[in-house]
Amino acid sequence: MNIGLTGGIATGKSTVSQMLVKRGAILIDADVIAREVMEPGHPVLQAVRERFGPDVLHDDGTLNRKRLGEIVFSDPEKLKTLNGLTHPAIRAEMRKRMAAYEAADPGRLVVVDIPLLYESGLETMFEQVMVVYVPRELQLKRLMQRDELTLEQAEARIRAQMDIEKKKERADILIDNSLGMDKTELQIAEFWRNKVLL
Ligand SMILES: CC(C)(COP(=O)(O)OP(=O)(O)OC[C@H]1O[C@@H](n2cnc3c(N)ncnc32)[C@H](O)[C@@H]1O)[C@@H](O)C(=O)NCCC(=O)NCCS
Ligand SMILES: Nc1ncnc2c1ncn2[C@@H]1O[C@H](COP(=O)(O)OP(=O)(O)OP(=O)(O)O)[C@@H](O)[C@H]1O
């Protein structure tokens, strides 16, 4: 049994995924895999260095995430290039882990957290897609606060993704995370009660 979990940047995917894990789901997080393929020695990091230049690495050979983020989130063409280098490896690893977990314990819910699920057309990989939604203004506020970004930087990151309202329309399961955590917890509890019907 599996679901894809998505939303916009800072709408609360990690918050919701932790609530599901607490109830017994297994989590695969695309952001974590994205970090793994950017570790020194991985061919993806090598390709990123070749394409974007040695300036995107620190002296010790690790990725300078801040610098690369500044480059790609202010230039859609460069972001596309980066996605072309990273996404195939991230997707392959995700598929591998999903298959392994589902084979090991078919009754257990596997949750795959992918910020760019709809942008990458990955809906068909999942039985259902859960969208964690907050209105854009609140998304902007939470993003600026959490990552200490300026208004301009935060808006650029939000613009790099599909409009959250569009994701809301496409959702099979919608979680509104705009109120307190307790209200979100109630929605997750209800989903968990009904999930046998998936
Ligand atoms: C550009 C990088 C180095 C910036 O690192 P930084 O530490 O500032 O951000 P972090 O990785 O924590 O991502 C934070 C959020 O940004 C958004 N985001 C990240 N990459 C992308 C992207 N390619 N397109 C749109 N949004 C993105 C996601 O919502 C993500 O949850 C990093 O995001 C990266 O390596 N991105 C490419 C890999 C990728 O596409 N990851 C997205 C998940 S598959
Ligand atoms: N219901 C809520 N009420 C208030 N703050 C919240 C709520 N849910 C999440 N937050 C806060 O909003 C911020 C974004 O949440 P979270 O990190 O879970 O988002 P995310 O979608 O996983 O982000 P990313 O796309 O960057 O991975 C965090 O600082 C979190 O503590």
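Student: What should I know before I start reading?

Tutor: Residues are numbered from 1 along each chain as its sequence is written, while chains are lettered from A and ligands numbered from 1 in the order in which they are written. The model is predicted, with local features needing pLDDT of at least 70 and side-chain atom pairs counting only at pLDDT 80 or more, whereas totals for chains, interfaces and linings use all residues.

Student: How many helices and strands are in the protein?

Tutor: Elements here are DSSP runs numbered from the N terminus, helices being H or I of at least four residues and strands E of at least two. The protein has nine helices and five strands. Reading from the N terminus, their order is β-α-β-α-α-α-α-β-β-α-α-α-β-α.

Student: What radius of gyration does the protein have?

Tutor: The radius of gyration is taken over C-alpha atoms, and the globule rule is 2.2 Å times the number of residues to the power 0.38. For 198 residues a compact globule would come near 16 Å, and the protein has 17 Å, which agrees. Along the principal axes, the C-alpha atoms fill a box of roughly 50 × 40 × 25 Å.

Student: Now the helices, please. How are two packed helices described?

Tutor: By the angle between their axes and the distance between the axes. Axes are lines fitted to C-alpha atoms, for helices over the stretch in contact, and angles run from 0 to 180 degrees between N-to-C directions. Angles under 35 degrees count as roughly parallel, over 145 as roughly antiparallel, 65 to 115 as roughly perpendicular and the rest as oblique. Take helix H3 (residues 43-52) and H5: they pack at about 170°, with axes 10 Å apart. That makes H3 roughly antiparallel to H5.

Student: Which residues make the contact of H3 and H5?

Tutor: Two residues are in contact if their C-beta atoms, placed from the backbone, lie within 7 Å. H3 brings Val44, Ala47, Val48 and Arg51, and H5 brings Thr81, Leu82, Leu85, Thr86 and Ala89. For classes, Ala, Val, Leu, Ile, Met, Phe, Trp, Tyr, Cys and Pro count as nonpolar, Asp, Glu, Lys and Arg as charged, and the others, Gly among them, as polar. This contact of H3 with H5 has six nonpolar, two polar and one charged residues.

Student: At what angle do H6 and H7 pack?

Tutor: Helix H6 (residues 136-147) and helix H7 (residues 151-159) pack at about 120°, with their axes 9 Å apart. H6 and H7 are therefore oblique to each other. A crossing is left-handed if the near helix is turned anticlockwise from the far one by less than a right angle, and right-handed if clockwise; that of H6 and H7 is right-handed. Gln139, Leu140, Leu143 and Met144 in H6 meet Leu151, Ala154, Glu155, Arg157 and Ile158 in H7.

Student: And which residues lie closest to ligand 1?

Tutor: A residue is near a molecule if its C-beta atom, placed from the backbone, lies within 6 Å of it. Ligand 1 is surrounded by 20 residues, the closest being Ile9, Ala34, Arg65, Gly69 and Pro115. Helices H2 (30-36), H4 (65-72) and H5 (76-104) are the elements that give two or more residues, and H5 gives the most, with five residues. By class this shell around ligand 1 holds 13 nonpolar, four polar and three charged residues.

Student: How many residues surround ligand 2?

Tutor: Ligand 2 has 16 residues around it, with Lys13, Ser14, Thr15, Arg142 and Arg146 the closest. H1, H6 and H9 each supply at least two, and H1 gives the most, with three residues. The ligand 2 shell divides into four nonpolar, eight polar and four charged residues.
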